[in-house]
Amino acid sequence: ARSARLARTLAGGAALAVLLSLSGPALAHDGHAPTPSAASAAATQVAQAPAGQTAEDKRLNAFLDEVWARTLERSPDLKVQLGLKETGGRWTPVSDTFGEEGEAILRADLERLKSGFDRNALSDQGRISYDLFAYVAEDQLSWAPLRYDTYAFTRLDGAHVNMPSFLISTFPVADAADARLGSRVDVRGDD
């Protein structure tokens, strides 16, 4: 159940990555997740957006950047998949508590999108970003009732397969420092 939920979360994160990369600056120029100062620089970039963007587009892009920064902070595994190494030695938790928190955050973000933005005031690109975010969020939330309708471990799926596979195929080891970082990853989770 947890590994299937993690796979859906990572797939949704990848879809959000594509969406948010279309909408505005997601990473600082050095490839790291935005810091508060980088976030304010990103807000300045949004304020100086290309012609054709409406004020509502600028607000939507700022919202999507905020969601993206939070998504990266909550998902060290996604950071690694994107080539970012600053995970703090953490895995993305697979606990029920983390899944329920993520669902609540996503519901709140979807509600904020639908109630806080005038879709008709967006440019064509803004409407695409709005619609994609809503579609991905609604799709992820549709799986929530099925959270426990799978096996935690099978011969082909589960932490016993996914963790080593992730470290072998995704976690970049370019030098001894990377190897030390990978060896200190906290596998305990949050529960």
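Me: A salt bridge here is a side-chain nitrogen of Lys or Arg within 4 Å of a carboxyl oxygen of Asp or Glu. How many salt bridges does a search of the whole structure find?

Reply: The structure is a predicted model, and the search of it finds 12 salt bridges. One of them joins the side chains of Arg147 and Glu103, at 2.6 Å from N to O. This pair links distant parts of the chain, 44 residues apart: Arg147 is in the loop between H6 and H7, and Glu103 is in helix H5.

Me: Are Arg147 and Glu103 buried or exposed?

Reply: Both Arg147 and Glu103 are buried.

Me: And which parts does the pair of Arg90 and Glu73 tie together?

Reply: The side chains of Arg90 and Glu73 meet in a salt bridge of 3.6 Å, N to O. Because Arg90 sits in the loop between helix H4 (76-81) and H5 while Glu73 belongs to helix H3, the bridge ties together parts that are 17 residues apart in sequence. Arg90 is partly exposed, with a relative accessible area of 34%, and Glu73 is likewise partly exposed, at 48%.

Me: What separates Asp124 and Arg127 in helix H6?

Reply: About one helical turn, because Asp124 and Arg127 are three residues apart in helix H6. Their side chains form a salt bridge of 2.4 Å, N to O. Asp124 counts as exposed at 56% relative accessibility, whereas Arg127 is partly exposed at 22%.

Me: Changing topic: which residues of the largest nonpolar core touch the most other members?

Reply: That core has 14 residues, and Leu60, Phe63, Leu110, Leu113, Phe117, Tyr130 and Phe133 touch the most other members. H3, helix H5 (96-116) and helix H6 (124-142) each supply at least two of its residues. H6 gives the most, with five.

Me: What does Phe63 touch?

Reply: Leaving aside residues up to four places away in sequence, Phe63 touches Asp109, Arg112, Leu113, Phe117 and Phe133. Phe63 is among the buried residues of H3, including also Leu60, Leu64, Val67 and Trp68.

Me: Last one: where does Phe166 lie, and is it buried or exposed?

Reply: Phe166 lies in helix H7 (residues 159-169). At 11% relative accessibility, under the 20% cut-off, Phe166 counts as buried. Beyond four places away in sequence, Phe166 touches Asp77, Val80, Gln81, Trp91 and Phe171. Phe166 and Asp77 are 89 residues apart in sequence, yet 8.7 Å apart in space, C-alpha to C-alpha.

Technical notes: Residues are numbered from 1 along each chain as its sequence is written. This is a predicted model: local features need pLDDT of at least 70, side-chain atom pairs count only at pLDDT 80 or more; totals for chains, interfaces and linings use all residues. Side-chain values use heavy atoms; hydrogens and water are left out. Buried means under 20% relative accessible area, exposed over 50%, partly exposed in between (1.4 Å probe, protein chains only). Helices (H or I, at least four residues) and strands (E, at least two) are DSSP runs, numbered from the N terminus. A nonpolar core is a set of buried Ala, Val, Leu, Ile, Met, Phe, Trp, Tyr and Cys residues joined through side-chain atoms within 4.5 Å. Contact means heavy atoms within 4.5 Å.
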